[in-house]
Amino acid sequence: MNLPVQPPASAYFITDDKPPVVARTLSIVVDNEPGVLARVIGLFSGRGYNIESLTVSETDHNKHLSRITVVTRGAPGVIEQVKSQLDRIVPVHKVVDLTKTATGQGEDGPIERELALVKVSGAGDDRVEALRLADVFRAKVVDSTTDHFVFEITGKTSKIEKFIQIMAPLGLVEVCRTGVAAMSRGKDPIIDG
């Protein structure tokens, strides 16, 4: 009786399937106390994920609550693990994936805004063009001399990026950005009470 012969295993059939990388905006409500930010950020760095944007501020002075907004990229499964582990840290009150919530409501994404200060140095036509473009982007002049401007611009991250790209050939000197502040659409708060 002859048994069928199995072909030898081949490395050509091994696939390198990697899960898709997604961008997520997370909002985390925490007690405003020392060390909380380090613990939250440690969960991301422990998995080798870069945080693209980070903003933190106390949002309820009476309850001493702060809101941490994190923009990151990663595999959906690992981001879900991070969210689950964040929920277990004692000073964390709530973790909301604003991107996932918005998608579930049929929206493109959460409401996101960023502020940037952009210093541009130039003279002559470049100076005039920088002022003209700043007006188009609704950037305000917050400081100026005869050889430079500092513009303040707010909006989506993509708008900030485009403004910076346009200012680069006109004498871009320095940029300072706040990071993304984000909120869900609708009337409901992130945390009740």
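Helix 1 lies across strand 1, strand 2, strand 3 and strand 4, and runs at about 150° to strand 2. Contact here means heavy atoms within 4.5 Å. The angle is taken between N-to-C directions on a scale from 0 to 180 degrees, with axes fitted as lines to C-alpha atoms, for helices over the stretch in contact. Helices (H or I, at least four residues) and strands (E, at least two) are DSSP runs, numbered from the N terminus.

This is a predicted model, in which local features need pLDDT of at least 70 and side-chain atom pairs count only at pLDDT 80 or more, while totals for chains, interfaces and linings use all residues. Residues are numbered from 1 along each chain as its sequence is written, and side-chain values use heavy atoms, with hydrogens and water left out.

The 4 strands form an open sheet in the order 2-3-1-4, with antiparallel pairing. Strand 2 (51-60) and strand 4 (92-97) stand at the edges with a single partner strand each, so one side of each has no neighbour in the sheet. From one strand to the next, the twist averages 15°. Two strands pair if DSSP finds at least two bridges between them; strand 1 (residues 22-31) and strand 3 (residues 65-74) run antiparallel and are joined by 10 bridges. In this pairing, Thr 25 stands opposite Val 71 in strand 3.

Where does Val 21 lie? Its place is in the segment before strand 1. Val 21 is exposed, at a relative accessible area of 59%; buried means under 20%, exposed over 50% and partly exposed in between, with a 1.4 Å probe and protein chains only. Apart from neighbours within four places in sequence, Val 21 is in contact with Arg 73 and Gly 74. Val 21 and Ser 158 are 137 residues apart in sequence and 19 Å apart in space, C-alpha to C-alpha.

**A nonpolar patch**

Back on helix 1 (residues 36-45), we find Leu 37, which is partly exposed at 35% relative accessibility. Leu 37, Leu 54 and Val 56 form a nonpolar surface patch with about 210 Å² of accessible area together. Patch members have over 30% relative accessible area and no salt bridge; nonpolar side chains (Val, Leu, Ile, Met, Phe, Trp, Tyr) are joined within 5 Å, and like charges within 9 Å. The areas come from the Shrake-Rupley method with a 1.4 Å probe, and for residues only the protein chains shown count as cover.

**Salt bridges**

How many salt bridges does a search of the whole structure find? The search finds 13, each being a side-chain nitrogen of Lys or Arg within 4 Å of a carboxyl oxygen of Asp or Glu. Among them are these pairs:

| Pair | N to O distance |
|---|---|
| Arg 185 and Glu 107 | 3.6 Å |
| Glu 152 and Lys 140 | 3.8 Å |
| Asp 188 and Lys 187 | 3.3 Å |

Arg 185 and Glu 107 form a salt bridge that links distant parts of the chain, 78 residues apart: Arg 185 is in the segment after strand 9 (181-183), and Glu 107 in the loop between helix 3 (98-104) and strand 5 (111-121). Arg 185 is partly exposed at 38%, as is Glu 107 at 34%.

Glu 152 and Lys 140 meet in a salt bridge. Glu 152 belongs to strand 7 (residues 148-155) and Lys 140 to strand 6 (residues 140-144), so the pair ties together parts 12 residues apart in sequence. Glu 152 is partly exposed at 24%.

Asp 188 and Lys 187 are both exposed. Elsewhere, salt bridges with shared partners join Arg 24, Glu 80, Lys 83, Asp 97 and Lys 100 into one network.
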